[in-house]
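Subject: Structure for you to look at

Hello,

Please find the structure below, followed by notes on what turned up in it.

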Amino acid sequence: MAGTAEPVERPGAQQWVPEHPDGVDALRAAAPACRGCELWEPATQVVFSAGNARAAVALVGEQPGDSEDRRGIPFVGPAGQLLQRALEEAGLARDQVYVTNAVKHFRFTPRGNRRIHATPEAAHITACKPWLAEELRLVDPRVVVLLGATAAKALLGPAVRIGKDRGHPIERETTRGLRTFFVTTHPSAVLRTPEDARDAAYAALVDDLRAVAALVAA
């Protein structure tokens, strides 16, 4: 008779999040100890955040990729390079934004010498959410840009759809009061778009980021 699989321990990150952090740096220093879900073990390191911790715009992605996992910095791989170019075209300098992910460890499937991206499960998003909630409370951006479905679900719930809600400011009550959220595609989705449609997908991302820049300037 086959044995049953060991239950996966996902106590959530809350016990590792400092109770009264004096800033994002305190969160970043505490994050490597997190054992809120099993993703910490195969990953090279935790990948927390980067950018201006007092920015008016926060960008939230899904999770670090292979390049980010190795370097410990979010959005430094191909998708990050595309995002950087889009931000510049939209008038949002990288040092004027705060960038982070809904999940702080790289989830992957080994394939030979390669590590293939695997989408985080809902349980991973839930386990990691205390970090995201606390860092956004500390940064307190005027606009939170949700890059892709994972980030959108993490902060706005499962009813949000990229196709339906993309490009429209969404106001939600937070611990800091009413704040604006803006849903768009993840830059990795642009890279996965067939070549004959990729320029249009990239232009749509830039247009969304221009709309965010206009919201902040208003």
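Phe 75 is buried, because its relative accessible area is 6%, and buried here means under 20% relative accessible area, exposed over 50%, and partly exposed in between (1.4 Å probe, protein chains only). Before going further, note that this is a predicted model, in which local features need pLDDT of at least 70 and side-chain atom pairs count only at pLDDT 80 or more, while totals for chains, interfaces and linings use all residues. Residues are numbered from 1 along each chain as its sequence is written, and side-chain values use heavy atoms, with hydrogens and water left out.

Backbone angles

Phe 75 sits in the loop between α2 and α3. Helices (H or I, at least four residues) and strands (E, at least two) are DSSP runs, numbered from the N terminus. Phe 75 is not a glycine, yet it has a positive phi of about 55 degrees. Most residues other than glycine have a negative phi. Asp 140 also has a positive phi of about 55 degrees without being a glycine. Asp 140 lies in the loop between α4 and β6 (143–147), and it counts as partly exposed because its relative accessibility is 25%.

The largest pocket

Pockets and cavities were searched for on a 1 Å grid over the protein atoms alone. A cavity is a set of points where a 1.4 Å probe fits but cannot get out, whereas a pocket is an open set with protein on both sides within 12 Å along at least five of seven lines. Lining residues have an atom within 4 Å of a point. Grid points are joined across faces, edges and corners, and a volume is the space filled by probe spheres set on the points.

The largest pocket has a volume of about 650 Å³. Its lining has 31 residues, and those nearest the centre are Ala 79, His 117, His 186, Ser 188 and Arg 192. Two or more lining residues come from each of α2 (66–71), α3 (78–90), β5 (114–117), α5 (149–156) and α7 (187–192). Sorted by class, this lining has twelve nonpolar, 13 polar and six charged residues. For these classes, Ala, Val, Leu, Ile, Met, Phe, Trp, Tyr, Cys and Pro count as nonpolar, Asp, Glu, Lys and Arg as charged, and the others, Gly among them, as polar.

His 186 is found in the loop between β8 and α7. Is His 186 buried or exposed? His 186 counts as buried, because its relative accessibility is 13%. Its side chain makes a polar contact with the side chain of Ser 188 at 2.9 Å. A polar contact is a pair of N or O atoms within 3.5 Å; within protein, one must be able to donate a hydrogen and the other to accept it, and residues adjacent in sequence count only if both atoms are side-chain atoms. Leaving aside neighbours within four places in sequence, His 186 is in contact (heavy atoms within 4.5 Å) with Gly 61, Glu 62, Phe 75, Ala 79, Leu 147 and Gly 148.

The second largest pocket

The second largest pocket has a volume of about 310 Å³. It is lined by 18 residues, and Ala 133, Leu 136, Thr 174, Thr 175 and Phe 181 are the closest to its centre. The elements giving two or more residues are α4 (122–139), α5, β7 (170–174) and β8 (177–184). Of these, α4 gives the most, with six residues. The lining has eight nonpolar, two polar and eight charged residues.

Helix α5

α5 is largely enclosed by the rest of the structure, because six of its eight residues are buried. The buried ones are Thr 150, Ala 151, Ala 152, Ala 154, Leu 155 and Leu 156. What covers them includes β2 (57–61), α4, β6, β7 and β8. Just after α5, Gly 157 takes a positive phi of about 95 degrees.

The largest cavity holds about 100 Å³ of space. Of its 15 lining residues, Cys 34, Gly 36, Cys 37, His 105 and Cys 128 are the closest to its centre. The lining divides into eleven nonpolar, two polar and two charged residues.

How many disulfides are found in the whole structure? The search finds zero, a disulfide being a pair of cysteine sulfur atoms within 2.5 Å. The closest cysteine sulfur to that of Cys 34 is in Cys 128, and because it is 6.3 Å away, it is too far for a bond. Cys 34 is buried, with a relative accessible area of 8%, and Cys 128 is buried at 10%.

Regards
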